[in-house]
Amino acid sequence: MMRPAMFRLEFDPPGARARLATIILDDPKRSVNALGPETMMQVDTILSTVRGEREIVGAVLISGKTDHFMAGGDLRRFGDITDRRDFEVLARRIQDLLRRVSAMEKPVVAAIHGVCLGGGLEAALACHYRIATDHPSTVLGFAEASVGLIPSGGGLARLPRLIGLRESISLVTEGRLIRARRAKRLGLVDEVVSPEALSMAAREAALALARGERTTSPPRRGLSRRLVEDNPVGRRVLFSAARREVRRKTHGLYPAPLVALDVMERGANKELSQAIALEGPAFAELAVSTTSRNLVALFLRRSDRRRAAAGLEAPGRVGVVGGGTVGAELAAITAEKGMEARVREVSEERLADALARIKRYFDERSRRVGEKYVYGARSRVSGGLGLAGFETMDLVIEAVPEHLELKRDVFEELDRTCRPETTLATNTSALPIESITRQVEHPERVVGLHVFVPLRRMPLVEIVRGPQTSQAAVDRASAYAYALGKTPVVVSDGPGFYTSRVLGFFFSAALEMMSEGHDIEAIDGGARAVGWPMGPFALIDSVGGAVALAVLQTLCGAFSDRLELNPGLEKMVVDGRVGRRTGRGFYVHPSAAREGRRVDETVYSRFRPSDARPRPASDQVLGERLTFVAAAEAVRCLDDGVLACPDDGDVAAVLGFGYPALRGGPFRHFDTIGLRACVDRLLALEDRFGPRFRPPALLRRLAREGETFAGWKRGDDAA
Amino acid sequence: MRPRKTAPYRKVWVVSGMRTPFVRPGGAFSNVTASQLGALVVREALLAGGARPEQVEQVVVGSAFSRGERTNLARDVAMGAGLPGEVVAHTVCDACLSFHRAFADAALQIESGRTDVAVVVGVESVSQRPLSLGRPLARALADAGRAQSLKQRIDAFREVRPRDLVPAGPGWANLISGESLGESAERLAKDYGITRAEQDAFAFTSQVRALTAIEEGLIGDHVVGVPIHDDSSATVVTDDDLVRETSTDRLGRLRPSFDTIRGSVTVGNSAPLADGASAVLLASDAYAKAEGWKAQGALRALSFRAVDPGGQPLMAPVPAVAAVLDTLGVTIDDLGVWEMHEGFAAGVLANLRGLSDPEVCRRLGITARKRVDPGQVNQWGGSIAFGHPLGASGGRQILSLLRQLQRAPEPIGLLSSSAAGGQGAAFAFEPC
């Protein structure tokens with residue numbers, strides 16, 4: 001059955017002297033315009049119609065959606081394709097289609113408002129002229145690398161021919177998104193206009209191009225481009241530098257950017273059509289790889305979780321108790337996303353600091369996107385010393401320091417002040433919700449809302465359902481997380497919930513490794529070598545030693561069978577060596593960012609005798625040990641019921657604490673290795689390093705029964 | 001738009017109110033704009049009242065000259081406070097009665113059933129008061145703007161003299177009498193025989209009462225701190241910094257400001273200018289009750305009156321007060337709390353004297369009332385102590401009046417104020 005048309009074609013009424021066609025991308029069934037097999041056929045028909053109408057002199061391609069132009073290929077359909085050749089065919093069909101667009105003798109103008117990524121940008125590149133709006137939601141780029149793929153609709157061939165190799169390399173390998181003005185400077189778009197003027201400007205351009213009064217902008221050919229990019233030697237230097245940079249950043253774990261570089265280099269001196277032809281096979285090779293499959297699966301599960309929260313009613317007014325780093329940034333982003341935010345602080349000094357933090361946040365945003373898009377947000381956030389007005393809030397988030405007594409006091413006060421419909425949330429990173437709400441009269445409205453720092457970059461919100469928390473409270477918190485632009489994952493209450501619990505074991509293993517004699521750099525390097533974006537010590541320095549210590553203290557109390565507190569960390573905190581905030585932790589962090597951090601050698605004396613002999617161990621061995629301790633604890637979280645399903649665990653692990661994304665998360669990782677092999681490996685680790693590596697009961701059972709986590713259902717383990 | 005109740009006449013409740021500290025011009029608020037101050041108090045008044053921004057239908061801002069920086073300051077204030085774009089906002093001006101005018105505007109709309117919820121704001125940034133260019137320079141700039149050639153542009157400035165480059169502040173002198181209100185006060189003191197000692201004693205009492213009220217925590221709950229950021233530091237300003245300890249001795253040593261030979265009006269016994277803002281949330285009693293809002297007080301009556309500015313312009317509150325008393329059919333004895341604007345101690349003392357003086361009252365066309373002891377008014381201090389951010393003072397008066405009514409319920413509280421140009425206002429409130 002044919003799906004309803006994603007495209008609408010409208011012609012100017014007959015009689016107009018020069019008529020244009022408007023091709024409107026607007027899939028009526030879905031919120032996103034994506035390219036699938038049927039939609040491609042429609043484009044085909046539309047192109048022939050436009051070509052056939054003699055009076056029509058040109059066309060404008062514009063989206064009917066308010067927030068994006070077009071997304072790329074439909075990733076949801078990728079799962080059904082298993083054969084490499086099918087992916088090649090898919091790529092070739094898109095390439096042919098776009099080639100027909102670019103080969104049209106009538107000018108086609110892309111009118112871009114909102115997100116224009118991947119396939120959407122490739123379509124725009126195939127047009128003869130591009131106009132983008134200056135709205136902050138308009139961003140352009142290639143994000144294929146984030147799902148282990150490369151552009152395959154001619155993007156790798158067309159982009160460098162338009163804006164040069166150097167900029168293309170950076171856009172493709174880093175997956176950077178750029179705004180319209182920057183795109184104009186690079187030559188990626190021809191004009192930048194206001195959203196209101198987009199349609200008019202696109203029509204003008206199409207008519208002018210048709211009359212020959214305007215030509216498509218020639219590619220930028222600066223001096224450096226001619227000197228470096230137009231000769232084989234220069235190109236070789238450029239590409240080898242790019243490869244070195246990619247390898248440094250990805251530790252060779254992610255092949256897609258390297259493949260993209262390869263395709264661009266091989267296509268650099270070929271005809272356009274030959275260059276485009278290189279993309280299909282390379283794309284297909286990546287699309288069937290485990291890495292890409294893992295990344296795509298992760299992406300889809302993440303969007304499933306966002307989609308589930310999208311329909312829930314978001315709060316309109318949010319109170320934040322505590323204006324520290326987290327509270328202030330939370331308030332600022334809340335306001336930026338259109339909600340009203342009010343911060344309560346306890347002293348004038350702290351309030352002033354909180355408001356200054358918020359102001360700095362907006363000043364920074366203002367520099368980026370322009371004050372007119374920030375002014376409204378500034379007016380939606382305020383601060384005060386009391387709880388005046390909190391009774392009218394939809395959601396109040398506690399973000400005070402991690403002390404149980406303090407948090408209890410705050411909740412008692414909030415419970416008294418706020419009307420019963422107000423949802424109360426705690427931003428604790430490890431304290432069980434139940435322990436905080438013991439004295440509260442309405443515990444059903446209290447929910448855990450664990451956000452990660454730096455908030456503006458971290459994509460996860462861990463939502464914690466306490467034993468008495470109502471579904472309404474969970475929904476309110478999920479809707480809020482979605483409104484912030486984050487992905488909510490709901491877990492059950494318990495010490496450290498999911499993310500902090502796993503992270504605690506990860507930290508603890510790292511501290512233990514250091515006590516054995518391994519060096520900080522070796523351990524952090526080992527973690528990065530297997531795909532963790534940050535090593536454990538760098539991570540402790542980043543979240544703060546005091547926070548890490550508080551988490552470990554909570555966990556050690558609860559899991560004393562396999563976790564004990566390393567006294568070294570406590571000594572570090574007592575000495576004020578809590579990481580980046582004080583400039584010293586496991587590393588020395590110079591205030592000037594460019595100086596770079598270095599390991600603080602004096603740390604070791606707190607953790608091991610001076611004669612401890614570092615044991616030689618490869619990066620892989622050190623990294624694997626850290627990964628396994630984390631994955632094993634994730635499995636226990638599933639077994640304990642903290643996690644509702646393995647997919648939740650995978651998404652939260654990658655987004656929350658940086659579990660190697662190429663593995664798709666701990667559960668998918670274990671499935672890939674094979675559960676039996678995992679049990680064996682864990683037994684071997686337990687032998688050498690103790691009970692925290694003991695294979696979890698659930699893992700053993702599934703391995704015994706030849707099951708996988710992919711096939712796991714909650715009912716199963718009740719047996 | 002929510003459906004209107006069509007009751008012909010409804011009570012106006014003051015649901016909540018907040019003000020900024022009143023601060024010396026050129027001091028802590030030097031770099032804060034009038035609209036920022038206004039936005040802050042609007043938001044705080046709403047939070048204090050438990051109202052949501054989308055419940056507000058109207059914002060009325062009163063400002064004596066800060067409105068000069070913008071064509072509609074109220075709109076900036078409303079948007080700055082994060083109110084929805086659909087909220088209607090307008091700005092009114094009536095010198096020191098600007099707040100009162102804004103209040104009356106909103107209150108009449110509520111009484112007549114046209115509006116349910118409104119925020120009334122008074123705001124003044126004396127530090128950032130608009131300065132205007134002299135006529136010759138302004139004309140030259142306008143001509144230059146229209147010039148078609150460089151020569152015309154240069155020619156446009158031919159008539160401009162160096163002294164024309166000095167900008168001018170707002171004019172204080174009245175066009176008819178040619179005198180400033182300070183000069184009027186000086187004349188008034190002589191006319192009514194109000195001595196320097198009486199004025200200084202009154203000013204001293206105002207300072208002492210203000211200090212006491214602050215120390216007893218009577219003021220703080222309706223004053224909100226203003227966050228001030230500069231490149232290096234962030235603070236929250238919470239103190240009314242003009243209130244000070246003084247003595248009649250010290251006040252007595254000040255030189256008269258307007259008549260250096262026989263004068264009695266000094267900076268010590270008149271209100272110093274200040275930066276500040278105040279806001280109150282008004283609602284119809286029906287709407288407020290339905291929302292479960294509490295009232296600080298309800299409006300009973302209001303009156304604006306004017307007198308010949310060439311006569312004694314500061315006497316204008318007297319007929320306004322008489323009108324309010326007559327409307328309510330009450331006497332001086334029924335007034336439990338009386339807040340009078342202290343532009344000049346001489347003005348307050350002359351008003352009180354005049355109200356009981358048959359001859360003065362005859363000239364004003366009203367009947368004389370019982371004599372009022374000046375010690376009865378402004379129990380928590382007045383404008384001489386707190387300072388006078390022209391358009392924002394009315395808000396301070398109302399907040400102070402209503403708090404006093406709440407603490408010791410009396411049937412009626414009265415508020416009166418004078419303004420440049422010979423205008424006066426009086427408002428009566430009852431506790432709820």
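Let's start with salt bridges: across the interface of chain A and chain B there are 2 of them, where a salt bridge is a side-chain nitrogen of Lys or Arg within 4 Å of a carboxyl oxygen of Asp or Glu. A:Arg342 forms a salt bridge with B:Glu44, with the closest N and O atoms 2.6 Å apart. Keep in mind that this is a predicted model, in which local features need pLDDT of at least 70 and side-chain atom pairs count only at pLDDT 80 or more, while totals for chains, interfaces and linings use all residues. Residues are numbered from 1 along each chain as its sequence is written, chains are lettered from A in the order in which they are written, and side-chain values use heavy atoms, with hydrogens and water left out.

Now zoom out to the whole contact (heavy atoms within 4.5 Å). Chain A brings 23 residues to it and chain B brings 19 residues. Together the chains bury about 1600 Å², 58% of it on carbon and sulfur atoms; buried area is the accessible area (1.4 Å probe) that two parts lose on being put together, summed over both. On chain A's side, A:Arg317, A:Glu348 and A:Ser379 lose the most area to chain B, together 27% of what that side buries.

What about the inside? The largest nonpolar core has 176 residues. Such a core is a set of buried (under 20% relative accessible area, 1.4 Å probe, protein chains only) Ala, Val, Leu, Ile, Met, Phe, Trp, Tyr and Cys residues joined through side-chain atoms within 4.5 Å. A:Met514 is among those with the most contacts inside this core, and the residues that A:Met514 touches include A:Phe537, A:Phe586 and A:Arg608, not counting residues up to four places away in sequence.

Notes. Buried < 20%, exposed > 50% of the residue type's maximum accessible area, 1.4 Å probe, protein only.
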